[in-house]
Amino acid sequence: MYITPFVILITAFLAWLVQRNVLARRAAFDYITNHELDGEWLSLADTAVRSLASKTTKDDWADLATSWSQNKLSDEQLEEIQPILKFLNRREFVSICILNGSIHPSTYVEFWDITLVREWKYAKPFIKALRSTEKGDGSLFQKYEQLIKSHHLRNQYRKVFSNN
């Protein structure tokens with residue numbers, strides 16, 4: 001007679017956990033199919049990653065980062081930096097969602113693991129340059145970095161960065 005409320009409570013809690021997991025997995029599938037595989041996004045990502053890959057050190061990005069931090073970007077610099085920032089903001093958003101469980105980590109990472117790590121490899125010098133400017137913010141794209149170094153991606157991170 002006293003055990004019935006506990007059984008109901010435990011059953012409800014377990015049902016909630018299962019539902020949360022199902023919704024997070026669904027969110028991962030929806031995000032991948034509706035955003036990551038979108039032609040406009042793929043074009044933007046390709047432009048951003050090519051630009052990021054063209055400069056391999058923090059110093060290569062120093063002038064652009066300084067202009068950005070001082071709000072003195074030329075039209076040419078603005079054209080270069082806009083796709084990169086849009087790309088990195090999207091990566092930061094999805095990283096936040098993965099880290100807080102809104103998007104199921106394993107489902108998303110199984111699909112994009114090596115891609116995320118390679119993109120980080122190209123983005124890291126740019127991000128470090130932005131962070132190191134006079135007005136730089138050390139927390140810029142911090143969740144993206146945290147995801148890359150998380151246990152979900154640790155093995156891929158080691159593989160990609162051990163080649164350097």
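Residues are numbered from 1 along each chain as its sequence is written, and side-chain values use heavy atoms, with hydrogens and water left out. Because the model is predicted, local features need pLDDT of at least 70 and side-chain atom pairs count only at pLDDT 80 or more, while totals for chains, interfaces and linings use all residues.

## Helix packing

Helices here are DSSP runs of H or I with at least four residues, numbered from the N terminus. Two packed helices are described by the angle between their axes and the distance between the axes. Each axis is a line fitted to C-alpha atoms over the stretch in contact, and angles run from 0 to 180 degrees between N-to-C directions.

Helix 4 (residues 75–99) packs against helix 5 (residues 105–132) at about 135 degrees, with the axes 10 Å apart. Helix 4 and helix 5 are therefore oblique to each other. Angles under 35 degrees count as roughly parallel, over 145 as roughly antiparallel, 65 to 115 as roughly perpendicular, and the rest as oblique. Helix 4 passes helix 5 in a left-handed crossing. Left-handed means that the near helix is turned anticlockwise from the far one by less than a right angle; clockwise is right-handed.

Helix 5 also meets helix 3 (residues 62–69). Their axes come within 8 Å and cross at roughly 45 degrees, so helix 3 and helix 5 are oblique to each other. This crossing is right-handed.

## Salt bridges

The whole structure holds 7 salt bridges. Such a bridge is a side-chain nitrogen of Lys or Arg within 4 Å of a carboxyl oxygen of Asp or Glu.

| Asp 30 | Arg 26 | 3.0 Å |

Asp 30 and Arg 26 both lie in helix 1, 4 residues apart, about one turn of the helix. Asp 30 is partly exposed, with a relative accessible area of 26%. The cut-offs are under 20% for buried, over 50% for exposed, and in between for partly exposed (1.4 Å probe, protein chains only).

Glu 119 is buried at 9% relative accessibility, and Arg 91 is buried at 2%. Glu 36 joins Arg 91 and Glu 119 in a network of salt bridges.

Glu 145 and Arg 131 are buried.

## Surface patch

A nonpolar surface patch includes Ile 3, Phe 6, Val 7 and Trp 16, and its members together have about 830 Å² of accessible area. Val 7 sits in helix 1 (residues 3–36). Val 7 is partly exposed, with a relative accessible area of 45%. Patch residues have over 30% relative accessible area and no salt bridge; like charges are joined within 9 Å, nonpolar side chains (Val, Leu, Ile, Met, Phe, Trp, Tyr) within 5 Å. Accessible areas come from the Shrake-Rupley method with a 1.4 Å probe, and for residues only the protein chains shown count as cover.

## Positive phi angles

Asn 71 is not a glycine, yet has a positive phi near 55 degrees. Asn 71 lies in the loop between helix 3 and helix 4 and is exposed, at 73% relative accessible area. Phe 141, also not a glycine, has a positive phi of about 55 degrees. Phe 141 lies in the loop between helix 5 and helix 6 and is buried, at 5%.

Conventions. Helix = DSSP H or I, 4+ residues; strand = E, 2+ residues; numbered from the N terminus.
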